[in-house]
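These are my notebook entries on one structure. I set down what I looked up, one topic at a time.

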Amino acid sequence: MSVNPQQLLRELFATAIDAAHPQQVLEAHLPKDRGGRVIVIGAGKAAAAMAQVVERCWQGEVSGLVVTRYGHGAPCEKIEVVEAAHPVPDAAGLAVAKRVLELVSNLTEDDRVIFLLSGGGSALLALPAAGITLADKQSINKALLKSGATIGEMNCVRKHLSAIKGGRLGKACWPATVYTYAISDVPGDLATVIASGPTVADPSTSAEALAILKRYAIEVPASVRTWLQSPESETVKPGDPSLARSHFQLIARPQQSLEAAAVKARQAGFSPLILGDLEGESREVAKVHAGIARQIVLHSQPLAAPCVILSGGETTVTVRGNGRGGRNAEFLLSLTDSLKGLPGVYALAGDTDGIDGSEDNAGAIMTPDSYARAAALGLSASDELDNNNGYGYFEALDALIVTEPTRTNVNDFRAILILESPKHDA
C-alpha cells in the first residue's frame, strides 16, 4: 500500500472540518419561506460563517448582530459581526450580549428571529445576572476551566449566573417565532448544553450549580452564592409557554464529521473504527486509545491493520504545570508517552475550530519516531506531560498543525492510523 500517513491524517482532519462547515450544512435547514423581514442573531465560533449563508439565501429584509471569537469573523453586508473573547468572557462579549437582548426584547408575533448557535457561544454571549459582575463570571470561568469539570458541569454553572442562557434569550424573544440552528460541539449533542442553551428550556437547577462549585472547591463571592440560593436564579423550565414558538434544529454534529472521515479512510484502504464522542482527562483518554492501538498491532483485535481509530468529543485537562498546550496536544503527548514509538502507528489530534485551547495551533501529529526524536533533543514525554507542555514538545518536533480559524466547531478530532506490519505482507 502506497500511502503517506501524515498527509492522509491531514486529509481526514480537513474532511471532518468540511463536513461541519456552515457553507455545507446550513442552507437546507432554513425556512422554506425566505421572504419578509428576519432578525438574525448568533453566537459561537461559526456565527460569522453561518451569518454569511443566511445573507446569501434570504430573499427578504435581513438585519441583525452576531458575536464570534477574535479572529473567527467573516465579512457580512447586512448582519453586524462583533468579535469577543473565548473561553473567558470579556467586556466586548458583555456589550454585544446586552445589544442582542435589546434587539429581540420588543418583538411582535409577526416577527421572525433566526438564532445561529455554535460552540463557544456560552463564553461569547456573556451577560451576568443581576448583582453579578463580569469579573465574578470571569474568575469562576477560569477556575472551572482549570478544575477538570466537564463541559456540561461548566454550562450548568454558567446558565444559572446568566441573564441570557438557559432559555432566557428565547423567553425575551416572545411572542416572535424563533428558529435556532445549531452546530454541536458537545458529547451527546444536547440542545440544553450547546452554548448553554439560550433558546431552549433547561431542566438543571441552581442547587446543582452550587453543588458543582462545591465539588471542585471553587470559591465564589457572597453575591454569587446569594443569587444561586434565590428562586430568581432558576432557568426557563420545560413547558414554559414563552418558548412555545421557539424551534430548535441541529444542523451539524461531531458524528457526521467522524463518518465523513471514515468514508475518506475507506477510500484510502483503511478500515475505520469509530469510538464516537468521548469525555474524560485527555491523558487518560489517550492511554485507552494507546491500549486499543497496541491490541490491533499485536493481535489484530478488534480489527486488523491497515485501519484507523477515529474519535471526537471534548476531553479536559487538569492543569498541573505551567507549560503550553491545549487538550489535543495533551492527548497526543500522553499517547506518545504510552506507545513509545510503536512501529506503524501515526496519530493526529486537533480541534475542528482551528484553535487548540488558547494557542495558535489546531493540534499536532505523532509519528513512530516522535518519541525517539524528542528524546534526542533532550525532551522526556513524561516530564513534558507533567508540565502540561504538549505544545512545546510538538513544536520542537516541527509537528504542530496550524490551520487558522476554520469558522466551524464540532470539537475535537482524533485519528490514529495503524499501518499493516511487514509480517502481514505476502
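I looked up A347 and found that it stands opposite M366 in strand β10. A349 stands opposite A364, also in β10. I note that the model is predicted: local features need pLDDT of at least 70, side-chain atom pairs count only at pLDDT 80 or more, and totals for chains, interfaces and linings use all residues. Residues are numbered from 1 along each chain as its sequence is written, and side-chain values use heavy atoms, with hydrogens and water left out.

**Entry on β9 and β10**

I recorded helices and strands as DSSP runs (H or I, at least four residues, for helices; E, at least two, for strands), numbered from the N terminus. Strand β9 covers residues 345-351 and pairs with β10 in the antiparallel sense over four bridges. I counted two strands as paired if DSSP finds at least two bridges between them.

How many of the residues of β9 are buried? I found seven of its seven residues buried, where buried means under 20% relative accessible area, exposed over 50% and partly exposed in between, with a 1.4 Å probe and protein chains only. V345, A347, A349 and D351 point one way from β9, whereas Y346, L348 and G350 point the other way. In β10 (residues 363-366), G363 and I365 point one way and A364 and M366 the other, and all are buried.

**Entry on the sheet**

I then traced the neighbours of these strands. β9 also pairs with β12, in the antiparallel sense over seven bridges; there, the bridge partner of Y346 is L417. β10 is joined to strand β11 (residues 400-401) by two bridges, and the two run antiparallel. G363 stands opposite I401 in β11.

In which order do the six strands form the open sheet? I read the order as β7-β8-β12-β9-β10-β11, with mixed pairing. The edge strands are β7 (271-278) and β11, each of which pairs on one side only. β7 pairs with strand β8 (residues 307-313) in the parallel sense over seven bridges, and L278 stands opposite G313 in β8.

**Entry on helices against the sheet**

Helix α1 (residues 5-19) packs on the sheet, where it touches β8, β9, β10, β11 and β12 (412-418). I took contact as heavy atoms within 4.5 Å. The direction of α1 makes about 30 degrees with that of β9. Axes here are lines fitted to C-alpha atoms, for helices over the stretch in contact, and angles run from 0 to 180 degrees between N-to-C directions. Helix α13 (residues 327-339) lies across β9, β10 and β12, running at about 165 degrees to β9.

**Entry on α12 and α13**

Helix α12 (residues 282-299) packs with α13 at an angle of about 45 degrees, their axes being 8 Å apart. That makes α12 oblique to α13; angles under 35 degrees count as roughly parallel, over 145 as roughly antiparallel, 65 to 115 as roughly perpendicular and the rest as oblique. Among the residues that meet, I list S282, R283 and V285 in α12 and R327, E330 and F331 in α13.

**Entry on the annotation**

Over residues 307-412 I found 31% helix and 20% strand, with the end C-alpha atoms 20 Å apart.
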